[in-house]
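Keep the structure open beside you and try each task before reading on.

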Amino acid sequence: MELGLTTFAELYAVGDRPAPSAGERLREVVEEAVAAEASGLDVYGVGEHHRKDFAASAPAVVLAAIAGRTERIQLTSAVTVLSSDDPVRVYQDFATLDGLSNGRAELMAGRGSFTESFPLFGYDLADYDELFEEKLALLLHLRDEAPVNWAGKFRAPLRDTVVYPRTENRPLPVWIAVGGSPESVIRAGLLGLPLAIAIIGGQPARFKPLVDLYHRALEEGGHDKQPVAVHAHGYLADTDEQAVADFYEPYALAMSTIGRERGWGPMTQAQFDGLRAPGGSLFVGTPDFVAEKVADVRDTLGLDRFMLHTSVGTLPHEKVLHNIELLGNKVAPQVH
């Protein structure tokens, strides 16, 4: 199973520690990706957001900077909000990244759990589902067909169009990212695309029926087995006590901030402890503890990839680097 990291380049002030500037945080992200490769991890992902508490509005640009500093690690968006973007430009960005990285680019397409990009780029949230369905179809045409003849509702038609640059030696890998919608899982399976599941609450085991549904959809679509990944929050330190002390305050701040926008109550210590317990969705503790949880989720869901999201709230850069070292040098060997 592959192991990796994702980030949204979060920009939270925690306690008396001010939030970093966007430029400072993005430079830290590049260094963290370099550390991930040095620690033997397999994949690094950067998510797309368009708000003041996240610095990475252009994941392909950030990943291109990482490509110039690395040689082996896979580079993916986590996610690209395809519904509010132009599939032509998205394909060009990631085909360019693929060339720069010598064939290490991936694209993780999602509808987006935040909605700021829709009014920003002139789209109506009433078209939320239709936008994603149409734009995903066009992206896959651009990836697989040359030239493309296409007409849809949300952009100008294409007539005998070849979009450049092309990827070399393989089609651009496209994953579908989901948060738990059965319809999205079925879509990924019927299209024969790899599936990435974001698990940010509850118990990972409850996603087993969705994974089973995905495999049935793959069979119905006549496709071979495809990879399944999980994206989950977590943090490692040398002791459980240190991990909790480092992670709880920034995590609770970030989740409570987002919760106020979505009608959730504030994150409490009791909730945090419940999520951190065996069987919960939060992977926080020593390498031994986290490795056991990752292996359990792998075996329960039949995973091919696990991606840890550490920067839910903004942690000190040096602590993130130590977390990466522990994930690559301690957790990965045990899980393998």
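A cavity is a set of grid points where a 1.4 Å probe fits but cannot get out, whereas a pocket is an open set. The coordinates you are looking at are a predicted model.

**Exercise 1. Describe the largest cavity: what is its volume, and which residues line it?**

Solution. 
- Step 1: Start with the size. The volume of the largest cavity is about 60 Å³. With a threshold of 30 Å³ or more, the count is one cavity.
- Step 2: The lining consists of Leu5, Thr6, Thr7, Glu32, Tyr44, Thr310, Ser311, Val320 and Ile324.
- Step 3: Assign the elements. β1 (2-7) and α11 (317-335) each give at least two lining residues, and β1 contributes the most, with three residues.
- Step 4: Sort by class. Four lining residues are nonpolar, four are polar and one is charged.

**Exercise 2. Characterise the largest pocket: how much space lies in it, and which element supplies the largest share of its lining?**

Solution. 
- Step 1: The largest pocket holds about 880 Å³ of space.
- Step 2: Its lining has 46 residues, and Phe8, Gly112, Ser113, Ala198 and Ile200 are the ones nearest the centre.
- Step 3: Several elements supply at least two lining residues each, including β5 (105-110), α5 (128-144), β10 (228-236) and α8 (240-262). The largest share, four residues, belongs to β9.
- Step 4: By class, the lining divides into 23 nonpolar, 16 polar and seven charged residues.

**Exercise 3. Now take the second largest pocket: which residues lie nearest its centre, and which element gives the largest share of the lining?**

Solution. 
- Step 1: About 270 Å³ of space lies here.
- Step 2: Of the 19 lining residues, Ala58, Pro59, Ala60, Asp85 and Asp93 lie nearest the centre.
- Step 3: α2 (59-67) and α3 (87-100) each supply at least two of the lining residues. α3 provides the largest share, with seven.
- Step 4: The classes are 10 nonpolar, five polar and four charged.

**Exercise 4. Look at α3 itself: what span should its 14 residues have, and which of its residues are buried?**

Solution. 
- Step 1: At 1.5 Å a residue, the 14 residues of α3 should span 20 Å, and the end C-alpha atoms are 20 Å apart, so the two values agree.
- Step 2: In α3 they are Pro87, Val88, Val90, Tyr91, Phe94, Ala95, Leu97 and Asp98.
- Step 3: Recall the geometry. An α-helix has 3.6 residues a turn, so residues three or four places apart point the same way.
- Step 4: Find the cover. The buried residues of α3 are covered by elements that include α2, β3 (74-77), β4 (80-81), β5, α5 and β7 (158-161).
- Step 5: Check what comes after. Asn102 follows α3 and has a positive phi, near 60°.

**Exercise 5. Decide about Pro194: is this residue buried or exposed, and what is it in contact with?**

Solution. 
- Step 1: Locate the residue. Pro194 sits in the loop between α6 and β9.
- Step 2: Apply the cut-off. Pro194 has a relative accessible area of 11%, so this residue is buried.
- Step 3: Look for its partners. Beyond neighbours within four places in sequence, Pro194 contacts Val174, Trp175, Ile176, Tyr214, Gln226 and Pro227.
- Step 4: Met108 is 86 residues from Pro194 along the chain, and their C-alpha atoms are separated by 9.1 Å.

How values were computed: Residues are numbered from 1 along each chain as its sequence is written. This is a predicted model: local features need pLDDT of at least 70, side-chain atom pairs count only at pLDDT 80 or more; totals for chains, interfaces and linings use all residues. Side-chain values use heavy atoms; hydrogens and water are left out. On a 1 Å grid over the protein atoms alone, a cavity is a set of points where a 1.4 Å probe fits but cannot get out, and a pocket is an open set with protein on both sides within 12 Å along at least five of seven lines; lining residues have an atom within 4 Å of a point. Grid points are joined across faces, edges and corners, and a volume is the space filled by probe spheres set on the points. Ala, Val, Leu, Ile, Met, Phe, Trp, Tyr, Cys and Pro count as nonpolar, Asp, Glu, Lys and Arg as charged, and the others, Gly among them, as polar. The expected span of a helix is 1.5 Å times one less than its number of residues. Buried means under 20% relative accessible area, exposed over 50%, partly exposed in between (1.4 Å probe, protein chains only). Contact means heavy atoms within 4.5 Å.
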